[in-house]
Amino acid sequence: MSELLVDFITSLDGYASGEGWPGFWGLEGPEYLAWLGEQPEVTYLMGANTYRLMSGFAAGEVPSGQDEFRPEEEASVDELTQASKVVFSSSLEEPLTWANSTLVRDDAVEAVRAMKENGSGLLSTIGSLSLCRSLLTAGLVDRFRVGIFPVITGATGDERIYDGYPDVALEMIEHRTFDGRIQLVEYKPRVLEHPPLGAPA
């Protein structure tokens with residue numbers, strides 16, 4: 001049976017990106033990059049918007065506000081290109097142009113449920129906020145991991161991650177600090193029907 005990891009990198013105030021900021025908010029360091037390079041092989045899950053963005057980067061489209069990719073960003077995109085990817089979309093057309101990408105038009109929750117039951121190895125989301133929210137709400141997420149970068153992007157933050165989430169209890173299973181500034185926290189999530197104080201008498 002496969003394991004499903006929801007994996008985010010965020011600003012301290014819970015944004016997935018910020019207008020005018022480089023990838024990793026420009027704060028990745030050697031410890032963090034080395035850790036990224038040690039990660040096990042995974043199959044990445046994403047929606048159409050993330051696919052369009054990331055496949056554009058793979059085709060050479062540089063993020064807005066940058067003249068070129070930094071070496072760390074280029075290496076990250078290259079690794080994604082080599083990895084297996086499953087894209088959930090009713091709007092994209094086959095064949096997908098980004099290497100090692102498979103298009104699935106079926107309901108994402110049911111498709112991932114079947115992938116978990118019938119597969120092996122690790123499944124991991126990348127970006128795709130609404131997909132992550134749906135998978136978590138359905139109780140399919142085994143691990144919820146967040147890399148928190150030491151910036152507050154109140155003026156420029158984009159893609160608020162936790163809007164629309166249910167209440168979730170999080171049991172910490174790992175935490176680390178990279179380069180003296182990046183916090184990694186990993187949890188086992190449990191969706192709550194109601195807050196603890198709202199339990200029926």
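Which residues do ring pairs link into a cluster? In this predicted model, the cluster is made up of Phe24, Trp25, Tyr32, Trp35, Phe149 and Phe178, joined through ring pairs. The structure holds eleven aromatic pairs. Take Tyr32 and Phe149: their ring centres are 5.4 Å apart and their planes stand at 90°, so this pair counts as edge-to-face. Tyr32 belongs to helix H1 (residues 30–37) while Phe149 belongs to strand S7 (residues 143–149), so the pair ties together parts that sit 117 residues apart in sequence. Tyr32 and Phe149 are both buried.

Strand S7 has another residue worth a look, Arg143. Is Arg143 buried or exposed? Its relative accessibility is 17%, and buried means under 20%, so Arg143 counts as buried. Setting aside neighbours within four places in sequence, Arg143 is in contact with Glu3, Leu4, Leu5 and Val6, with Leu122 and Ile173, and with Glu186, Tyr187 and Pro189.

Now for helix H2, which covers residues 48–58. Its buried residues are Ala48, Thr50, Tyr51, Met54, Ser55, Gly56 and Phe57. And what covers them? After H2 comes Gly60, and its phi is positive, near 105°. Elsewhere, a charge meets a ring: the charged end of Lys85 sits over the ring of Trp98, 4.5 Å from the ring centre.

Stepping back to the whole protein, there are five helices and ten strands. The radius of gyration is 17 Å, close to the 17 Å that the globule rule gives for 201 residues, so the protein is as compact as a globular protein of that length. Along the principal axes, the C-alpha trace spans about 60 × 40 × 30 Å. How much of the chain counts as buried? Of the 201 residues, 41% do. The accessible surface comes to about 11,100 Å², and carbon and sulfur atoms account for 49% of that area.

Contacts can also be sorted by how far apart the partners are in sequence. Among contacts with a separation of 6 or more, 71% come from residues 24 or more positions apart.

Key: Residues are numbered from 1 along each chain as its sequence is written. This is a predicted model: local features need pLDDT of at least 70, side-chain atom pairs count only at pLDDT 80 or more; totals for chains, interfaces and linings use all residues. Side-chain values use heavy atoms; hydrogens and water are left out. Buried means under 20% relative accessible area, exposed over 50%, partly exposed in between (1.4 Å probe, protein chains only). Helices (H or I, at least four residues) and strands (E, at least two) are DSSP runs, numbered from the N terminus. Rings of Phe, Tyr and Trp (its six-membered ring) pair if their centres lie within 6.5 Å; planes under 30 degrees apart count as stacked, over 60 as edge-to-face and the rest as tilted. A charge sits over a ring if NZ of Lys or CZ of Arg is within 6 Å of the ring centre and within 35 degrees of the ring normal. The radius of gyration is taken over C-alpha atoms; the globule rule is 2.2 Å times the number of residues to the power 0.38. Contact means heavy atoms within 4.5 Å. Accessible areas come from the Shrake-Rupley method with a 1.4 Å probe; for residues, only the protein chains shown count as cover.
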